[in-house]
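Student: I'm new to reading protein models. Could you walk me through this one?

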Amino acid sequence: MRINVLLGLSVAAVLLTGCSSSHQLSAGGERVTFTDQQPASGCQLLGNLTGSQSNWLSGAGGESSPLRGAANDLRNRAAAMGGNVIYGATSPTQNIWSSFAPLDSKMTGQVYKCP
């Protein structure tokens with residue numbers, strides 16, 4: 001009986017750890033940069049993307065780690081679609097519901113492929 005309880009607690013701990021981790025940058029994501037200047041005319045617009053980081057188990061936190069996770073997710077997704085520049089990245093401001101429940105952090109931007 002004691003072994004079953006310990007096994008159950010171990011499995012639960014592993015699952016909770018996996019759910020609360022933030023997005024890590026992929027090798028391609030590391031090469032994607034953010035810019036606030038309109039990309040040059042030689043750059044090709046690939047589309048709009050949204051990156052997100054779940055805050056359900058980790059909470060909104062005092063640090064910017066959930067937003068960093070959303071930015072990393074956005075960079076990874078941009079790299080996967082062949083982009084290397086994200087222009088006009090924004091994140092929605094927190095609203096009244098953020099005080100009651102840890103909502104997902106999100107970041108959106110336009111993805112470009114520049115030479």
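Here is a short talk through its main features.

Tutor: Before we start, this is a predicted model, in which local features need pLDDT of at least 70, side-chain atom pairs count only at pLDDT 80 or more, and totals for chains, interfaces and linings use all residues. Residues are numbered from 1 along each chain as its sequence is written, and side-chain values use heavy atoms, with hydrogens and water left out.

Student: How many helices and strands does the protein chain have?

Tutor: Helices are DSSP runs of H or I with at least four residues, strands are runs of E with at least two, and both are numbered from the N terminus. Here the protein chain has two helices and four strands. Starting at the N terminus, their order is α-β-β-α-β-β.

Student: What share of the 115 residues is buried?

Tutor: Buried means under 20% relative accessible area, exposed means over 50%, and partly exposed is in between, using a 1.4 Å probe and protein chains only. In this protein chain, 26% of the 115 residues are buried.

Student: Which cysteines form a disulfide?

Tutor: A disulfide is a covalent bond between the sulfur atoms of two cysteines. The cut-off here is a pair of cysteine sulfur atoms within 2.5 Å. The structure holds one: Cys-43 and Cys-114, with sulfur atoms 2.0 Å apart. Cys-43 sits in the loop between strand S1 (33-35) and strand S2 (44-53), and Cys-114 in the segment after strand S4 (105-113), so the bond ties together parts that are 71 residues apart in sequence. The torsion about the S-S bond is about 120°, so this disulfide is right-handed.

Student: Is Cys-43 buried or exposed?

Tutor: Cys-43 counts as buried because its relative accessibility is 15%. Cys-114 is buried too, at 15%.

Student: Which residues make up the largest nonpolar core?

Tutor: In soluble globular proteins, nonpolar side chains tend to be buried together. A nonpolar core is a set of buried Ala, Val, Leu, Ile, Met, Phe, Trp, Tyr and Cys residues joined through side-chain atoms within 4.5 Å. The largest one here has nine residues: Val-32, Leu-49, Ala-70, Ala-71, Leu-74, Ala-78, Ile-86, Met-107 and Val-111. H2 gives the most, with four residues.

Student: What does Asp-73 touch?

Tutor: Contact means heavy atoms within 4.5 Å. Asp-73 lies in helix H2 (residues 65-80) and counts as buried because its relative accessibility is 7%. Leaving out residues up to four places away in sequence, Asp-73 touches His-23, Thr-50, Gly-51 and Ser-52.
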